[in-house]
Amino acid sequence: MQLFSYHTHTTFSDGKNSVHEMIEKAIELGWQEMGISDHLIIHKNISNSPSWYKWQKEPDFFYSDFSTYYEKFARHIDEIRLLSEQYPLKVRIGAEVDFFVYPGWLDEFVKLRDKLNLDYCISGNHFLFLDDEGDNIIDFKDAKNLSEEDQKNMIKRHFSALCQASSSNLFDFMAHIDFIRKIPLCSDNDFWDEKNKLIETIASCNGAIEISTKGLRKSNNFYPADSLLKKAVDNNIKFVISDDAHRTSELGYEFDHAEKTLQELNCSNRWKYIEK
Ligand SMILES: [Zn+2]
Ligand SMILES: [Zn+2]
């Protein structure tokens, strides 16, 4: 059984429990290591998005410039490092990064990551691109109001961005690769050209993905769901079990179920944190 999670959130982003509450729960579960991966969402036009009306209610969560984020996240890291010295388990600090594609984003992100000296990064996209350039983004939920054709184009751009994230080799693993199935047009049966391309890309980069039990909490199925999960295992992609915990009660959530599922698929290629 996997006794760690590297995909967890705290009150620094949208988690409901503090860093120390999450650490204490992990110790209670018998874990000797864990990773904290609060959100890193920085997009130059975030406040121009049609979804801004709801995002602005969470001012500490969405950023339009890298320097403001740096100030805040650097303090968060200092706090975690100081706090974790008091505990017997090893706490690593990462971020769950929304990978944006407009010119300049990647360079700025790499500079920020190096400056923060993060232990690891996860890629996890939560928004859709309204245009090919990636200059404007929209919430998954708001995308449902657009025409079918617009939605299809956005779904294709989404998978293309995930391929770019994987090819960048900047991420230790990729989170919830079919999170987009929240959009009815993109169910388990749809967009297989794009999904196959993504799996091929991840496999060719020797990348890793998570099997996330968050999917069980939200929609009764793992991220990724059945066919995509099997496809990834068949391509010998490395797997890590994640809870995407946003509160202490979600740490280690249904890990035995995820383990059993991976074993039934004969998945033995597992991701493990390697000291850098
Ligand atoms: Zn996520
Ligand atoms: Zn997450």
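Helix α7 (residues 192-204) packs against helix α9 (residues 226-234) at an angle of about 30 degrees, with the axes 10 Å apart. That makes α7 roughly parallel to α9. Angles under 35 degrees count as roughly parallel, over 145 as roughly antiparallel, 65 to 115 as roughly perpendicular and the rest as oblique. Axes are lines fitted to C-alpha atoms, for helices over the stretch in contact, and angles run from 0 to 180 degrees between N-to-C directions. Helices (H or I, at least four residues) and strands (E, at least two) are DSSP runs, numbered from the N terminus.

This is a predicted model: local features need pLDDT of at least 70, side-chain atom pairs count only at pLDDT 80 or more, and totals for chains, interfaces and linings use all residues. Residues are numbered from 1 along each chain as its sequence is written, chains are lettered from A and ligands numbered from 1 in the order in which they are written, and side-chain values use heavy atoms, with hydrogens and water left out.

**Helix packing**

The crossing of α7 and α9 is right-handed. A crossing is left-handed if the near helix is turned anticlockwise from the far one by less than a right angle, and right-handed if clockwise. On the α7 side the contact uses Trp-192, Lys-195, Asn-196 and Ile-199; on the α9 side, Ser-227, Leu-228, Lys-231 and Ala-232. Contact means heavy atoms within 4.5 Å. By class, this contact of α7 with α9 has 4 nonpolar, 2 polar and 2 charged residues. Ala, Val, Leu, Ile, Met, Phe, Trp, Tyr, Cys and Pro count as nonpolar, Asp, Glu, Lys and Arg as charged, and the others, Gly among them, as polar.

Helix α7 also packs on helix α6 (residues 148-167), at about 5 degrees with axes 9 Å apart. α6 and α7 are therefore roughly parallel to each other. From α6, Lys-156, Phe-159, Leu-162, Cys-163, Ser-166 and Ser-167 meet Glu-194, Lys-195, Lys-197, Leu-198, Thr-201 and Ile-202 of α7. These residues divide into 5 nonpolar, 3 polar and 4 charged.

Helix α3 (residues 66-84) and helix α4 (residues 105-116) cross at roughly 25 degrees, their axes coming within 10 Å. α3 and α4 are therefore roughly parallel to each other. Their crossing is right-handed. Phe-66, Tyr-69, Tyr-70, Phe-73, Ala-74 and Ile-77 of α3 meet Trp-105, Glu-108, Phe-109, Leu-112, Lys-115 and Leu-116 of α4. The classes here are 10 nonpolar, no polar and 2 charged residues.

**Zinc sites**

Donors are N, O and S atoms within 2.8 Å of the metal (3.2 Å for Na, K and Ca); water is not among the atoms, so sites may look incomplete.

| Ion | Protein donors | Distance | Spacing |
|---|---|---|---|
| zinc ion (ligand 1) | Glu-96 (OE), His-126 (NE2), His-176 (NE2) | 2.1 Å | E-x29-H-x49-H |
| zinc ion (ligand 2) | His-7 (NE2), His-9 (NE2), Glu-96 (OE), Asp-244 (OD) | 2.1 to 2.3 Å | H-x1-H-x86-E-x147-D |

The 4 donor atoms around the zinc ion (ligand 2) subtend angles of 81 to 170 degrees, which makes the arrangement irregular. Four donors count as tetrahedral if all angles lie between 85 and 135 degrees; four count as square planar and six as octahedral if opposite donors are over 155 degrees apart and all others between 65 and 115; anything else is irregular.

The zinc ion (ligand 2) and the zinc ion (ligand 1) are 3.3 Å apart, and Glu-96 coordinates both. Distant parts of the chain are linked here too: His-7 lies in the segment before α1 (19-28), and Asp-244 in the loop between β8 (238-242) and α10 (255-264), 237 residues apart.

**Backbone details**

The Tyr-223 to Pro-224 peptide bond is cis, with omega near -5 degrees. Pro-224 is in the loop between α8 (214-219) and α9. Asn-117 is not a glycine, yet has a positive phi of about 55 degrees. Asn-117 lies in the loop between α4 and β3.
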